[in-house]
Amino acid sequence: MSAKRKTSMPEASPEALNENLGKRVKKLRADRGWSLEELANASGVSRSMLSEIEREKANPTLTVTFRIARAFGLTLQELIESAEASASKIQVIRASDRAQVFRSDKQHEIRTLSPLNLEKDVEFYEVRLRPGGALRSQPHFEGTREFLTVEEGSVRIESDQDTDELTKGDSGTYRADVPHAIVNTGKADALVFLVVIYR
């Protein structure tokens, strides 16, 4: 699959931070018993913009965020950190999220089940192979292994010169630092779950 990447992992994605900023602003306003109009007067930010922020419909600029923080007697850093701290540490990938489709063509569809915004040593995929379809990969980094479970259909695993056949419910692990492949050997779609572990 993709090459291993080594960078620091963010505590929260920009989307999660923006969402929780809206919740944080709404809570701070409620704690003070302010109306949107009162916060608008205190911050110099329009009522409509504040409403959009609280409903998580707007992506406020740094200047707007600073004005809101100042209205609450907070620094910009304090407001952002409090929003980040309130962000849920649970990340959910919905079945309907097409952004998670890693690759799709006549042979296969690959959907990543691990968050796209995280740099990681483990990747998790759902792979659907069409009849006669194959997913062939070049060697990954030395020490990389893949773990595979067949949910539907039957497949052949190829790892360098080694091969093996798997059917529904079977699992296998193999070297992925050599040329390797997953081949649909059945007459219907094959569905497998694939975990790539980089070392």
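Start by selecting Ile182 and its surroundings: leaving aside residues up to four places away in sequence, Ile182 touches Leu129, Gly133, Ala134, Leu135, Leu148, Val155, Arg156, Tyr174 and Leu194, where contact means heavy atoms within 4.5 Å. You are looking at a predicted model, in which local features need pLDDT of at least 70, side-chain atom pairs count only at pLDDT 80 or more, and totals for chains, interfaces and linings use all residues. Residues are numbered from 1 along each chain as its sequence is written, and side-chain values use heavy atoms, with hydrogens and water left out.

Stay on Ile182 for a moment. Ile182 counts as buried because its relative accessibility is 2%, the cut-off being under 20% relative accessible area (1.4 Å probe, protein chains only).

Next, colour the open sheet. Its six strands run in the order β1-β2-β3-β10-β5-β8, with antiparallel pairing; two strands pair if DSSP finds at least two bridges between them. At the edges sit β1 (101–104) and β8 (171–175), each pairing on one side only. From one strand to the next, the twist averages 20°.

Within this sheet, select β3 (residues 122–129) and β10 (residues 190–197), an antiparallel pair with eight bridges. Look for Glu123, which stands opposite Val196 in β10.

Now move to the helices α2 (residues 36–43) and α4 (residues 62–71). They pack at an angle of about 105° with axes 8 Å apart; axes are lines fitted to C-alpha atoms, for helices over the stretch in contact, and angles run from 0 to 180 degrees between N-to-C directions. The two helices α2 and α4 are therefore roughly perpendicular, a label for angles of 65 to 115 degrees. Show side chains to see Leu39, Ala42 and Ser43 in α2 meeting Arg67, Ile68 and Ala71 in α4.

Keep α2 selected and pick out its buried residues, Leu36, Leu39, Ala40 and Ser43. Viewed down the axis of α2, they fall within an arc of 105°, so they line one face of the helix; the arc is that of the directions from the helix axis to the C-beta atoms. Just after α2, stop at Gly44, with its positive phi of about 80°.

Finally, zoom out to the whole chain, with five helices and 10 strands. Buried residues make up 40% of its 199 residues.

Conventions:
Helix = DSSP H or I, 4+ residues; strand = E, 2+ residues; numbered from the N terminus. Parallel < 35°, antiparallel > 145°, perpendicular 65-115°, else oblique. Buried < 20%, exposed > 50% of the residue type's maximum accessible area, 1.4 Å probe, protein only.
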